[in-house]
Amino acid sequence: LYDKLGVATKKKGAVVDKLRQASHANRQVATRAAPPSPAVKAGFLNKAKQEPGPSRLQIWTERFNRYLGPESFLRKVKNYFIFVGVVGFFHFKGHVLALPPPV
């Protein structure tokens, strides 16, 4: 068993060495074939002017839609807030709603 392990290890080493040599040869061919790419693109200083930012109306409209609009988080979870409030009221002030004792 020990001898078989030694033979398998030698085969594995030979295969890994072959792969390493093939990879090295492939890398050398690839570096010779590809020309070096420039570090900076041509004309990078000639960028177009930036467009003006959004107007105040657009900003306020966006904020309204985000926080209070129909698709806002508050409108989506409104029922959960009502439920938690009612449960809290019943828990802490439920005695206010109790019926008076019988006469």
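From the N terminus on, the elements of the chain run α-α-α-α. In total there are 4 helices and 0 strands; helices (H or I, at least four residues) and strands (E, at least two) are DSSP runs, numbered from the N terminus. This is a predicted model, in which local features need pLDDT of at least 70, side-chain atom pairs count only at pLDDT 80 or more, and totals for chains, interfaces and linings use all residues. Residues are numbered from 1 along each chain as its sequence is written, and side-chain values use heavy atoms, with hydrogens and water left out.

The confidence of the model is given by pLDDT, the predictor's confidence in each residue, from 0 to 100. Its mean over the chain is 86, and 94% of the residues reach 70 or more. Confidence is lowest in helix H3 (residues 73-76), with a mean of 85, and highest in helix H4 (residues 78-93), with 94.

The overall dimensions come next. The radius of gyration of the chain is 37 Å, whereas a compact globule of 103 residues would have one near 13 Å; this radius is taken over C-alpha atoms, and the globule rule is 2.2 Å times the number of residues to the power 0.38. Along the principal axes, the C-alpha atoms fill a box of roughly 100 × 65 × 15 Å. Two pairs of residues illustrate the distances involved. Asn26 and Phe64 are 38 residues apart in sequence and 59 Å apart in space, C-alpha to C-alpha. For Tyr67 and Ala42, the separation is 25 residues in sequence and 44 Å in space, again C-alpha to C-alpha.

Buried residues make up 3% of the 103 residues, where buried means under 20% relative accessible area, exposed over 50%, and partly exposed in between (1.4 Å probe, protein chains only). The chain exposes about 10,700 Å², of which carbon and sulfur atoms supply 66%; accessible areas come from the Shrake-Rupley method with a 1.4 Å probe, and for residues only the protein chains shown count as cover. Asn26, found in helix H1 (residues 2-33), counts as exposed because its relative accessible area is 52%.

One feature of the surface is a nonpolar patch of about 680 Å², made by Phe64, Tyr67, Leu68, Phe73, Leu74 and Phe81. Patches are made of residues with over 30% relative accessible area and no salt bridge; like charges are joined within 9 Å, and nonpolar side chains (Val, Leu, Ile, Met, Phe, Trp, Tyr) within 5 Å. Helix H2 (56-67) and H3 each supply at least two residues of this patch. Tyr67 has its place in helix H2 and is partly exposed at 47% relative accessible area. Leu74 lies in helix H3 and is also partly exposed, at 44%.

Because they are 4 residues apart in helix H2, Glu62 and Arg66 are separated by about one helical turn. Glu62 is partly exposed, with a relative accessible area of 46%, and Arg66 is partly exposed, with 45%.

Aromatic rings remain to be considered. Rings of Phe, Tyr and Trp (its six-membered ring) pair if their centres lie within 6.5 Å; planes under 30 degrees apart count as stacked, over 60 as edge-to-face and the rest as tilted. By this rule the count comes to 1 aromatic pair. The ring centres of Phe89 and Phe90 are 6.2 Å apart and their planes stand at 50 degrees, so the pair is tilted. Phe89 counts as partly exposed, at 38% relative accessibility.

Notes: A salt bridge is a side-chain nitrogen of Lys or Arg within 4 Å of a carboxyl oxygen of Asp or Glu.
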